[in-house]
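Open the model in your viewer and keep the sequence panel beside it. The tour goes from one selection to the next and says what is found at each stop.

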Amino acid sequence: IADIIGEEPVEIPTYQDVTQPGSIVVHQDDGSYTVLEEEDFNAWEQCLQLLQNLNRDEVKALEEITLEQFDRIMEFRSIVYRFHYSLPLEAFFKRYEIPEISGADQVGDFALIGFSSGSPESLFLYSNSKNKYYRIVYSSPHSSMDELLTSVEAATNVNYNRIGDLVGRNNRTVVPLSLSTPLEEVPYLPEFRDLNTAEVKEFAQTFFGESFDFVRKIEESKGSHIYMYGYGEKILTINADGRVEYKNTETPRGSQQNYFEALDQAMQFVASHGGWRTDEGMETLPYVQFVQPVEENKQKGYRIVFGMELSEESLYLEASYSIMVEVIHGQVTQYLRDMIQIEEEDFLEQTGGPDREAFSAINMIAQNYPYIASILSEEGYDFSSLEGEELYDAIFDSILFVEVGYMKPEYKRQGGNALIPAWVVKAGDILIYFDLYDAQPLGHTGLLES
């Protein structure tokens, strides 16, 4: 635990490590869709290389296009890299050493990069905050993207369909028609199980430094330990279940940061306050899952949620996050840490069996649309005027992505702590979980709640 006791952190992820598309969707020549992981065919790296090799003198235009134009061009062989959050375009170009493009400031932020063989000299962008599409017109075709599409089509892929095509709506979210997977429940342990150890004390000390002697410690009857500095300007709570929450309400004395500067600070903070992995167990790989701009007392910053990948499957936590860091004006104002430990032997034993057929994704939504509506209603969405087929359609229209992952329940279940293979459905600003094999509801997480 070198990083906990004040020595130089062993390893900090780079911004490249944690910045990955949430989905990479390929529309194939036969009209079907498939979804790639970022490491498949080096798909994300190929996109970055294309951008980095652009010659700004050969960029003929950056222009706004309509949704209808975007949809029409994506009916050809195409690939879309979609993020589940927005990235500032100019800061992204600068950080990744991509040549500046005249007019990039009009785009502002982006959440999508696309390429289509229907306009091979163009790259397409979507700005979530402006709800606008753009295209960058180049003087020659982007042959590397066309070659990537050819390689994907030559491979054996899982077929996906648009939700809208399956239920007669306009939703462009894709789901697999069928899916076989070896995922099974996997036992885990919380990162902090005994709060009365020297290691936990040393971890707590990292938040207060030389002021630790002046920190009050409160042990609650339910087992949580609370460390408080001053009149509550800094509070660290380590819950009995191992979840860590830190808040700093001191007035930030730093300066305004762009997103990537805040990301760097967040990653450094995590490295110095617990590290990026648990001391024991399997390695999990961090990535930025969601980002929300925040503002307090006219000072701006970002709330960054880091997800973890366990053997290429994303880990989701009911009503929590693996790591969340809020950085405002150069100061970490909130930090949530809910890390777990998984023994590799247990994982291999549980997932080494034959594949099983997952419950149909589209039938999972159809079977549970009243439940999804009830969860969204609890979170402030209004479906009171809808029922029957209208409610069914509204719920299908609200689905933003569907994927497979591991879900950690908020409370220990009978039989001990275990991660559950799940369908993960994002509807509105809510993640809703269903058992991967029988589609029973498992819980939900409201995104980026403080």
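A salt bridge here is a side-chain nitrogen of Lys or Arg within 4 Å of a carboxyl oxygen of Asp or Glu. The model on screen is predicted.

**Stop 1: a network.** Select Arg77, Asp146 and Glu153. Salt bridges link these three residues in a network. Side chains of opposite charge can pair when their charged atoms come close. By the rule above, the structure has 15 salt bridges, and the next three stops each show one of them.

**Stop 2: Arg356 and Glu184.** Show both side chains. Arg356 and Glu184 form a salt bridge, with 3.0 Å between the closest N and O atoms. This pair joins distant parts of the chain, 172 residues apart: Arg356 belongs to strand β23 (residues 356-357), while Glu184 sits in the loop between β10 (180-181) and β11 (186-187). Are the two partners buried or exposed?

**Stop 3: Arg303 and Glu326.** Move to strand β18 (residues 299-310) for Arg303 and to strand β20 (residues 323-328) for Glu326. In this salt bridge the closest N and O atoms are 2.5 Å apart. The partners are 23 residues apart and again link distant parts of the chain. Both Arg303 and Glu326 are buried, so each has under 20% relative accessible area.

**Stop 4: Lys217 and Glu219.** Here a salt bridge has its closest N and O atoms 3.5 Å apart. Lys217 counts as partly exposed because its relative accessible area is 42%.

**Stop 5: a charged patch.** Switch to a surface view and select Glu199, Glu202, Asp279, Glu280, Glu343, Glu345 and Glu349. These residues gather in a patch of negative charge on the surface. Which helices supply at least two residues each to the negative patch? They are α8 (198-205) and α10 (344-351). Glu280 is found in the loop between α9 (259-272) and β17 (285-296). With a relative accessible area of 47%, Glu280 is partly exposed.

**Stop 6: Asn42.** Go to the loop between β2 (33-36) and α2 (43-52), where Asn42 lies. Asn42 is partly exposed, at a relative accessible area of 49%. To finish, draw a distance from Asn42 to Leu400, C-alpha to C-alpha: the two are 25 Å apart in space and 358 residues apart in sequence.

Conventions
Residues are numbered from 1 along each chain as its sequence is written. This is a predicted model: local features need pLDDT of at least 70, side-chain atom pairs count only at pLDDT 80 or more; totals for chains, interfaces and linings use all residues. Side-chain values use heavy atoms; hydrogens and water are left out. Patches are made of residues with over 30% relative accessible area and no salt bridge: like charges are joined within 9 Å, nonpolar side chains (Val, Leu, Ile, Met, Phe, Trp, Tyr) within 5 Å. Accessible areas come from the Shrake-Rupley method with a 1.4 Å probe; for residues, only the protein chains shown count as cover. Lys and Arg count as positive and Asp and Glu as negative; His and the chain ends are not counted. The place of a charge is taken as NZ of Lys, CZ of Arg, CG of Asp or CD of Glu. Helices (H or I, at least four residues) and strands (E, at least two) are DSSP runs, numbered from the N terminus. Buried means under 20% relative accessible area, exposed over 50%, partly exposed in between (1.4 Å probe, protein chains only).
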